[in-house]
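Dear colleague,

Please find below the structure that I am handing over to you. A short account of the findings follows it.

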Amino acid sequence: MDDQTRIELEAAAFRALREHLMEKRTDVQNIDMMNLAGFCRNCLSRWYQEAANARGIEMDKTQAREIFYGMSMDDWKANYQTEASAETQAAFKVAFAENVGEDKP
């Protein structure tokens, strides 16, 4: 497979993942994804931002999240985010530290 085809297939897979998470499984909470898989929608938007920044495209966290989510974080939270239990929040602190690191916002 040539590089261009590989890139196009990877991009198509990313778009399918984004659509799945943003349109088909809005019921799945970021905190649960992080606890189970070690990444969430915010991680995907951060990786998008980091890729843009690496190519010289200035983009901050808020801009990247709005691009990925297709709406502001405030709108996403109001429409889809539910309250997490104390147990889930405690598990998140561990998962976040293990997968993202203590110093990432």
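A salt bridge is a side-chain nitrogen of Lys or Arg within 4 Å of a carboxyl oxygen of Asp or Glu. Arg 6 and Glu 10 form such a bridge, with their closest N and O atoms 3.1 Å apart. Please note that the model is a predicted one.

Salt bridges

By this rule, four salt bridges are counted. Arg 6 takes part in another of them, with the side chain of Asp 3, at 3.8 Å from N to O. Asp 3 and Arg 6 are three residues apart in helix α1, so about one helical turn separates them. As a general point, an α-helix has 3.6 residues a turn, so residues three or four places apart point the same way.

Asp 3 is exposed, because its relative accessible area is 52% and the cut-off is over 50%. Arg 6, at 34%, counts as partly exposed, and Glu 10 is also partly exposed, at 44%.

A further salt bridge joins Glu 50 to Arg 46, with the closest N and O atoms 3.4 Å apart. These two residues are four residues apart in helix α3, so they too are separated by about one helical turn.

Helix α3

Helix α3 has 14 residues, which at 1.5 Å a residue should span 20 Å; its end C-alpha atoms are 20 Å apart, in agreement. Among its buried residues are Asn 42, Cys 43, Leu 44 and Gln 49. The cover over the buried residues of α3 includes α1, α2, α4 and α5. The side chain of Asn 42 makes a polar contact of 2.6 Å with that of Tyr 69. Just after the helix, Gly 56 takes a positive phi of about 85°.

The nonpolar core

Tyr 69 also belongs to the largest nonpolar core, which has 14 residues; Met 22, Met 34 and Tyr 69 have the most contacts inside it. The elements that give two or more residues to this core are α1, α2, α3, α4, α5 and α6. Beyond its neighbours up to four places away in sequence, Met 34 touches several residues, including Phe 39, Cys 43, Phe 92 and Phe 96.

Yours sincerely

Notes. Residues numbered from 1 in each chain as written. Predicted model: local features only at pLDDT ≥ 70, side-chain atom pairs only at ≥ 80, totals over all residues. Heavy atoms only, no water. Polar contact = N/O pair within 3.5 Å; in protein donor to acceptor, adjacent residues only side chain to side chain. Core = buried A, V, L, I, M, F, W, Y, C linked by side-chain atoms within 4.5 Å. Buried < 20%, exposed > 50% of the residue type's maximum accessible area, 1.4 Å probe, protein only. Contact = heavy atoms within 4.5 Å. Expected span 1.5 Å × (residues − 1).
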